[in-house]
Amino acid sequence: MSRIGKKPIAIPAGVKVTIADGGVQVEGKSKLSMALPPRVTAEVKDNQVLVSAADESRTANAMHGLARSLIQNMVIGVSQGFRKELQIVGIGYKAAVSGSKLNLSLGYSHPIAFAIPEGIKVTVTPENKIVVEGCDKQLVGETAAQIRRFRKPEPYKGKGIRYVDERIVLKEGKSVG
């Protein structure tokens, strides 16, 4: 049996969890829903969500832990939300939000206009930080990764877009000798 899947999920105040038709719907500041994987069932009891596997097979155990983690992320997302911070390093590299587009100037011959997905809020601070926020953990992470891909940090000077808590190991340049 999955050790992660056995843990109950506490439902905070202001969050409503509904389980019906093989799916889970979580409502709070926003609304998220997902279909339960096969061989997994869930029930709401005493302000907690309990996830259980249909049998003891390896696949059922894997799906058991996965379903519990996804439901936990949905509950956290609608109550607190998720956030990723990116930092732009490099002279002349800029970012600005206009409407539903993130405009990036990253040293290429053309500016990059990134369409911000629905359900995601992107803000740019004056110290060249891009903050990606939303209630869906997977969408927040994927959006941050897509923005980072436009100009990954290079290994010699560290210029590019990086996560705030990311450490870049810089290489030594050519040595004359």
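# Reading a predicted chain, residue by residue

Modeller: Let's open with Lys45, which is partly exposed at a relative accessible area of 42%. Buried means under 20% relative accessible area, exposed over 50%, and partly exposed in between, with a 1.4 Å probe and protein chains only. This is a predicted model, where local features need pLDDT of at least 70, side-chain atom pairs count only at pLDDT 80 or more, and totals for chains, interfaces and linings use all residues. Residues are numbered from 1 along each chain as its sequence is written, and side-chain values use heavy atoms, with hydrogens and water left out.

Biologist: Where does Lys45 lie?

Modeller: Lys45 belongs to strand β5, residues 40-45. Helices (H or I, at least four residues) and strands (E, at least two) are DSSP runs, numbered from the N terminus. Lys45 also shows how sequence and space can be read together: Pro8 is 37 residues away in sequence, yet 9.6 Å away in space, C-alpha to C-alpha.

Biologist: How many helices and strands does the chain have?

Modeller: You'll find 3 helices and 13 strands. The chain is more spread out than a compact globule, because its radius of gyration is 21 Å, well over the 16 Å that the globule rule gives for 177 residues. The radius is taken over C-alpha atoms, and the rule is 2.2 Å times the number of residues to the power 0.38. Along the principal axes, the C-alpha atoms fill a box of roughly 65 × 45 × 25 Å.

Biologist: What share of the 177 residues counts as buried?

Modeller: For this chain, 33% of the 177 residues are buried. You can look at contacts too, meaning heavy atoms within 4.5 Å. Among contacts with a separation of 6 or more, 51% join residues 24 or more positions apart.

Biologist: Which element has the lowest mean pLDDT, and which the highest?

Modeller: pLDDT is the predictor's confidence in each residue, from 0 to 100. Helix α1 (residues 3-6) comes lowest with a mean of 86, while α3 comes highest with 97. Over the chain the mean is 93, and 99% of residues reach 70 or more.

Biologist: On to backbone angles. Which value of phi does Arg39 have?

Modeller: Most residues other than glycine have a negative phi. Arg39 is not a glycine, but its phi is positive, about 70 degrees. You'll see Arg39 in the loop between β4 and β5, and at 42% relative accessibility it is partly exposed. Asp46 is another such residue, with a positive phi near 55 degrees. Asp46 sits in the loop between β5 and β6 (48-53) and is exposed, at 71% relative accessible area.

Biologist: Which residues line the largest pocket?

Modeller: Rolling a probe the size of a water molecule over the atoms shows where empty space is left. On a 1 Å grid over the protein atoms alone, a pocket is an open set of points where a 1.4 Å probe fits, with protein on both sides within 12 Å along at least five of seven lines; lining residues have an atom within 4 Å of a point. Here the lining is Leu32, Ser33, Met34, Leu70, Asn73, Met74, Phe82, Cys135, Asp136, Lys137 and Gln138. β4 (31-35), α2 (58-79) and α3 (137-149) each supply at least two of the lining residues.
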